[in-house]
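Open the model in your viewer and switch to a cartoon view. We will go from the whole chain to a single pair of residues.

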Amino acid sequence: MLAGAGSGKTGVITRKIAWLIHQGYAAPQICAVTFTNKAAREMRQRVNRFMDKKTTQGLKISTFHSLGQRILFQESHRLGYRRGFSIMDSRDVETCLDGLAHRIDQDNDTIKLSMYQISRWKNDFIDPETALSSADNPTLQAQARLYAEYQQQLLACNAMDFDDLIMLPVQLFRAHAEVLNQWQDRIRYLLIDEYQDTNTSQYELVKALCGVRQKLTVVGDDDQSIYAWRGARPENLQRLQHDF
């Protein structure tokens with residue numbers, strides 16, 4: 001569904017959840033995803049106006065990052081992580097990159113620019129090897145090498161950043177078909193709010209989880225995209241017609 005601001009897009013999601021349960025879907029098989037914890041709480045409150053908590057027990061309503069974190073808490077060992085990995089905030093990331101820049105003799109005056117570029121690569125679902133092979137100037141080449149060192153350091157420290165919470169589940173699913181099958185069985189219907197704000201990694205996560213069933217409802221407004229600075233791709237709305 002494509003509609004403008006204030007037209008009731010989120011209401012469509014909440015009513016669709018109630019309708020799906022009425023049609024026989026078990027609540028734990030349904031997952032609704034939005035972009036902020038506040039929006040997720042409000043969506044759950046709206047659902048509870050239509051249905052009692054017992055009926056909706058097990059219903060998944062979360063942000064993209066919370067969904068990715070849930071997947072990785074159960075499956076990250078398949079990617080070489082140990083149980084109980086930590087999640088780094090932006091200050092932790094900056095400190096880590098600063099230390100790596102000193103170690104590999106790179107200019108630490110542009111750490112924030114490197115942080116932005118690495119985040120952009122992750123949001124575009126570009127791994128360090130691809131980033132380095134496509135870098136067409138010395139600055140990008142240096143940042144790609146720093147990206148590779150950074151990912152190795154995160155794994156050694158059993159840590160992830162927020163962008164990893166989206167990118168790593170997709171890598172996991174591509175490497176382990178049996179794990180993807182399990183999660184496709186757990187999530188049999190996926191609903192996405194504010195779809196115009198999805199980036200490439202989020203799009204690939206949605207596409208993987210939907211699989212052959214392709215049970216998906218999204219709402220959005222391409223005139224309201226507010227996350228272009230972190231890689232949002234409003235054109236994902238148009239890609240739906242091709243990929244689904």
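Start with the surface. This is a predicted model.

Now look inside. The chain has 244 residues, and 48% of them are buried. Take the contacts between residues with a separation of 6 or more: 78% of them join residues 24 or more positions apart.

Go back to the cartoon. Colour by secondary structure, and you have 11 helices and six strands to explore.

Next, the sheet. Select β2, β1, β5 and β6. These four strands form an open sheet in the order β2-β1-β5-β6, with parallel pairing. Which strands stand at the edges? They are β2, residues 60–63, and β6, residues 216–218. Each has a single partner strand, so one side of each is left without a neighbour in the sheet.

Zoom in on one pair. Select residues 189–192, which are strand β5. How many bridges pair β5 with β6? There are three, and the two strands pair in the parallel sense. Pick out I192, and opposite this residue you will find V218 in β6.

Last stop: a helix. Select residues 9–22, which make up helix α1. This helix packs on the sheet and touches β1 (30–34), β5 and β6. Compare directions: α1 makes about 170° with β5.

Terms used: Residues are numbered from 1 along each chain as its sequence is written. This is a predicted model: local features need pLDDT of at least 70, side-chain atom pairs count only at pLDDT 80 or more; totals for chains, interfaces and linings use all residues. Side-chain values use heavy atoms; hydrogens and water are left out. Buried means under 20% relative accessible area, exposed over 50%, partly exposed in between (1.4 Å probe, protein chains only). Contact means heavy atoms within 4.5 Å. Two strands pair if DSSP finds at least two bridges between them. Axes are lines fitted to C-alpha atoms, for helices over the stretch in contact, and angles run from 0 to 180 degrees between N-to-C directions.
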